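Here is a short report for a reader new to this protein. Look over the sequence and the model before reading on.

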Amino acid sequence: MRILAISGSLRAKSSSTAVLLALQSLAPAGTSVELYEGLATLPHFNPDVEEVSLPPEAAALRARVESCSAVLICSPEYAHGVPGSLKNALDWLVGGHEMVGKPVAVLNPSAHSTFAHAQLLETLKTMSVALVPYASITLARRPASGDGRDILADPALADPLREALLYVVQFAERLSA
Ligand SMILES: Cc1cc2nc3c(=O)[nH]c(=O)nc-3n(C[C@H](O)[C@H](O)[C@H](O)COP(=O)(O)O)c2cc1C
């Protein structure tokens, strides 16, 4: 099973991306977590452009979503909101069919980030994704390193993430059965 992981941060040493990198290591046998790396190069969403011809970057994002069995999102909160670059990516996905019914989990890297997490869940609900029950969790503390190694070394972070990923895999398996 292939799972697409989208980080809402463009920072090189992002704690959000670190969560997704850790999930790559925590994935059960037969499951791969693939990091989406096109967020920074997506053009700004414009319905006029979408109507005429989908930009290749947006088409590639839709294809990545379509080819994966589930999507994981991990994002920081900026000024009590979802980072513009992540919301931009979601806006490019709204007009396609790829996210409809797709199993999605939102992993919140910080207990302080309550607004962005709630906004993401609301946007995704509006996009008719299949939010995976119990998998959209908030971590006990924000990971410190950018490579996910501290997450793997700390059961308080790694265990709930491993469990959330299992929920996603089982949910996606049931959906495709
Ligand atoms: C412009 C800006 C606004 C921020 N606003 C919030 C906020 O509203 N709530 C919050 O919990 N953290 C806020 N933060 C802190 C970031 O969420 C934090 O730096 C986080 O580590 C960034 O995520 P990353 O490590 O994945 O890049 C803000 C940071 C920046 C730079």
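Which residues line the largest pocket? The lining is made up of Ser 7, Ser 9, Leu 10, Arg 11, Thr 17, Leu 35, Tyr 36, Glu 37, Gly 38, Leu 39 and Ala 40.

## Basis of the model

This is a predicted model: local features need pLDDT of at least 70, side-chain atom pairs count only at pLDDT 80 or more, and totals for chains, interfaces and linings use all residues. Residues are numbered from 1 along each chain as its sequence is written, and side-chain values use heavy atoms, with hydrogens and water left out.

## Overall build

The protein has seven helices and five strands. Helices (H or I, at least four residues) and strands (E, at least two) are DSSP runs, numbered from the N terminus. Read from that end, the order is β-α-β-α-α-β-α-β-α-β-α-α.

The C-alpha trace spans about 50 × 40 × 25 Å along its principal axes. A compact globule of 177 residues would have a radius of gyration near 16 Å, and the protein has 15 Å, which agrees. The radius is taken over C-alpha atoms, and the globule rule is 2.2 Å times the number of residues to the power 0.38.

## The ligand site

The ligand is surrounded by 13 residues. Ser 9, Arg 11, Ser 14, Ser 15 and Ser 16 are the closest. By class, the shell has three nonpolar, seven polar and three charged residues. Ala, Val, Leu, Ile, Met, Phe, Trp, Tyr, Cys and Pro count as nonpolar, Asp, Glu, Lys and Arg as charged, and the others, Gly among them, as polar.

Polar contacts (pairs of N or O atoms within 3.5 Å) are found here too. A polar side-chain atom of Ser 14 lies 2.6 Å from a ligand oxygen atom. For Ser 16, the distance from such an atom to an oxygen atom of the ligand is also 2.6 Å. Glu 77 has a polar side-chain atom 2.8 Å from a ligand nitrogen atom. The protein covers 62% of the 630 Å² of accessible area that the ligand has on its own (Shrake-Rupley method, 1.4 Å probe).

## Pocket and cavity

The largest pocket has a volume of about 160 Å³. A pocket is an open set of points on a 1 Å grid over the protein atoms alone, with protein on both sides within 12 Å along at least five of seven lines; lining residues have an atom within 4 Å of a point. Its lining has five nonpolar, four polar and two charged residues.

In a cavity, a 1.4 Å probe fits but cannot get out. There is one cavity of 30 Å³ or more, and the largest cavity has a volume of about 40 Å³. H5 gives the most to its lining, with three residues. That lining has six nonpolar, four polar and no charged residues.

Technical notes: Near = heavy atom within 4 Å. Polar contact = N/O pair within 3.5 Å; in protein donor to acceptor, adjacent residues only side chain to side chain. Points joined across faces, edges and corners; volume = space filled by probe spheres on them.
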